[in-house]
Amino acid sequence: MASQIQKVAVLGAGVMGQGIAAHLANAGIPSVLYDMVPRDLPAGAPRSKLAIDGVANASKLKPAPFFKPELAALIKPANYEDDAGLLKECDLIIEVVVERLDIKAKIFAWVEANRRDDAIVASNTSGLPLRDMAATMGQSMREHFLIMHFFNPVRYMRLLELVAGPDTRPEALKLLADFGEEKLGKGIVYAKDTPNFVGNRIGTFGIVSVFKHMQAFDLSIEDVDAILGKAMGRPKLGVFALGDMVGLDTLDHVLGNVFNGCPDDEQRDAFVSPAFLKAMVAEGAVGNKTGKGFYQKTNEKDAKGRKITLARDWRTGEYKPAARPRFDSVTQASSFADDPGAASRVLLRGDDKAAAFAWAVTADSLIYTANRIPEIADDIVNIDRAMRWGFNWDLGPFEGWDALGVAETVARMEAEGRSVPAWVKDMLAKGRGSFYAYVDGQPTYWCAVSGQSKPLPSSARWLFISDKKASNGVVKKNEAAELIDIGDGVLLLQFTRPAQMNALEQDMFQLYNDALDELDAGKWEALVVGSQNHARGQLRPSVGPNGQAFCAGANLMMVGMAAMQGEWDSIDQLIRGMQSIVQRALYSKRPVVTAPYSLTLGGGLEVAMQSAATVTTGEVYMGLVEAGMGLLPAGGGCKEMLRRYLGGIPAAVNYDPNPFVQAAFLNIGLAKFSTSAEEARDMRYLRAEDKVVMDADQLIWEAKRTALGLAASGYVPPKPSKFKLPGNSGRATIELKLYDLVQGGFASEHDAKVARRIAHVLTGGDIPAGTWVDEQHILDLEREGFLSLLGEEKTMERITHFISTGKVLRN
């Protein structure tokens, strides 16, 4: 058995194979991407053309499968005929060819003839039985063979289902699980060798239940998507828009897998595509890939200038402009945006048609899911994780059941004549009221098989703030933040305004200041700034995929209201206070480590950058984007960009600061943001030494480990910087380029005014070229520039427009 996976072969250069190879590259793992030699290969064309084209196509896909385009260089295109020898270099071989057993058998025969004896072989099949694929393999290959089912798009979907066969060696399964979690950042779910495994088995039953009750309640496509969206803790897209994305032909095929492969399923007859779906597949209306499915986008616009989307009437097959249905129960539930459990309770307790429909679908799905243990997985944990990680549900089925109240819903189900699985009633009879619970401060789940409580399985590299809070770890808290003891002398500052995307407010800074006071007093070895509060209702809330923001910037409503009321002194003091606190964190004698993730914008990035070290996730969107609102960074962002671009140049070097200042200006003036941690590093939002974890649940653990490492090594804070800046002449160069942009229609006059003010700050203000200034000089310019721009009428128009619509106004 290979001791680690250092190189991978991907067999099949279609979209899924491209996505897997690209994400391996994101993790720094080189791969060989194989495909056939085309039968009609043009003269002079490379024999590995299909694989070469696959890599090229991956570089063009949206959303981007690569963290940055340059990573495509880690993929070597190859073909089966000429490059069989390369297979022996690979520790893991992933088959991603068409879902036909006869074709897979040919590929596996080729693999068996050319692989290294210790190489692991995995199939990315979405539903073919492992036992059938392994039937023709030799003993050695069967021992190294298992299913490794990624979800698409690979980079963005966290779920990775692993299925081991009766001959699979346990160490092969463990090696692949560790690799998937630690290197690729995937959430591992252990599935059984049953049709559609875990996620798709539960997900497809939910869809057929929707089909059934949609017809019974005579609801439209738009009605269903309005009901079963965010109000039910599901993706905002809704059931049918998501179906269009997946492909209705694929859905039809997956339903057939269950019908044909599960003769003993009590709901087998439900897995038959309804007549309207069969008609759509026959018509070719199978979703986004053909331009129409349940929905059809058009280029026509309505009176407000929005593109018109058509929705299909499932009764007639006709398309008409999509309606925007409103239901009282959905409206009431939507007010609980930060608490999916509370939202679903409100919706399901409603008295309108939407509530009745949602309850019927939910009750069907909960009972069906409970009946699948231990058929598709050994426990509720794997099922809940599969639905959260693979379908982006806020809560898994059993987490959601807990939120609804198990005893209450069981009573309602039985009153309606539904048959509730015996193990659920047994749990209640034994005095356990929920599937998940803390017992003596430890997280547990109810085991359906043994009928008893068991410790919640966890990676050694996961640290959950909720576990620390359950052990009386809260040191101090207010309405917007809390301080938590996360062990070993490390204090954590957590922002707790997820519904407001953790927009910065005074209570957060108050607690940050208190934390620094405790750090200075020697009560703690280090401080971590990070959060895990974005999936209320889970026993262990994590940062993804539902953690939308570490911090999306300042509270614009608060700032805008203060400006409209003329409270300029208050705003000035607020800025001074923020600058003082983040500077204090940066130069603290004990290390402050920030752990940003997802959206880290504006003031959130200013908090993240001004620290001893930053640990972040591969998926992070960082940017000083204040210019989009007609403002500039005033919490040290301009100063920090200058530190990042100029701070490493030795004082004895006589250099021209203009190129460095212009690079910083492009980031801030164009409100540029990264779409990955690697892009953030290139843009200097992250330092070269800052760490990136692929698994979001490792973020706080790694940040704590980094903080302790700094403390143990005798941490010495950086010295304040001085900058040699180009002054008036450097600003004139930037302003000339701005003039050209306005004249060319690429920027508005107000855009240019904002950009000139940013240039004024970054070039040092009204100073001669080559003047050295200190950090406070830049901080003062930041504050003056922010206040000046906030007083502009067009800036206030942008702020009010953004608050009311969530969109950036270009005026």
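Q: In which helix do Glu 640 and Arg 644 lie, and how many residues apart are they?

A: Both Glu 640 and Arg 644 belong to helix α24 (residues 637-646), 4 residues apart, about one turn of the helix. Helices here are DSSP runs of H or I with at least four residues, strands are runs of E with at least two, and both are numbered from the N terminus. This is a predicted model, in which local features need pLDDT of at least 70 and side-chain atom pairs count only at pLDDT 80 or more, whereas totals for chains, interfaces and linings use all residues. Residues are numbered from 1 along each chain as its sequence is written, and side-chain values use heavy atoms, with hydrogens and water left out.

Q: What joins the side chains of Glu 640 and Arg 644?

A: A salt bridge is a side-chain nitrogen of Lys or Arg within 4 Å of a carboxyl oxygen of Asp or Glu. Glu 640 and Arg 644 meet in such a contact, at 3.3 Å from N to O. Glu 640 also forms a salt bridge with Lys 639, where the closest N and O atoms are 3.1 Å apart. The whole structure holds 61 salt bridges.

Q: Are Glu 640 and Arg 644 buried or exposed?

A: Buried means under 20% relative accessible area, exposed means over 50%, and partly exposed lies in between (1.4 Å probe, protein chains only). Glu 640 counts as buried because its relative accessibility is 0%. Arg 644, at 11%, is buried as well. Lys 639 is buried together with Glu 640.

Q: Which parts of the chain does the pair of Arg 643 and Glu 775 tie together?

A: The side chains of Arg 643 and Glu 775 meet in a salt bridge of 3.5 Å, N to O. Arg 643 lies in helix α24 and Glu 775 in helix α30 (residues 775-790), so this pair links parts that are 132 residues apart in sequence. Arg 643 has a relative accessibility of 16% and therefore counts as buried; Glu 775 is buried too, at 3%. Elsewhere, salt bridges with shared partners join Arg 201, Asp 265, Glu 266, Arg 372 and Glu 375 into one network.

Q: Why is β22 described as largely enclosed?

A: In a regular strand the side chains alternate between the two faces of the sheet. In β22 (residues 613-617), 5 of the 5 residues are buried, so the strand is largely enclosed by the rest of the structure. Ala 613, Val 615 and Thr 617 cover one side, Thr 614 and Thr 616 the other, and all are buried.

Q: What does an antiparallel arrangement look like in the strands β9, β10 and β11?

A: These 3 strands form an open sheet in the order β9-β10-β11, with antiparallel pairing. The edge strands, β9 (295-301) and β11 (319-321), each pair on one side only. Strand β10 (residues 307-312) is joined to β11 by 3 bridges, and Leu 310 has Pro 321 as its bridge partner.

Q: What lies between β12 and β13?

A: The two strands form a hairpin with 2 residues between them, and Asp 440 in the turn has a positive phi of about 55°. Strand β12 (residues 436-439) and strand β13 (residues 442-447) run antiparallel and are joined by 4 bridges. Tyr 436 stands opposite Tyr 445.

Q: Where does Asn 124 lie, and is Asn 124 buried or exposed?

A: Asn 124 is in the loop between β5 (120-123) and α4 (130-134). Its relative accessibility is 9%, so Asn 124 counts as buried. The C-alpha atoms of Asn 124 and Val 96 are separated by 5.4 Å, although the two residues are 28 apart along the chain.

Technical notes. Two strands pair if DSSP finds at least two bridges between them.
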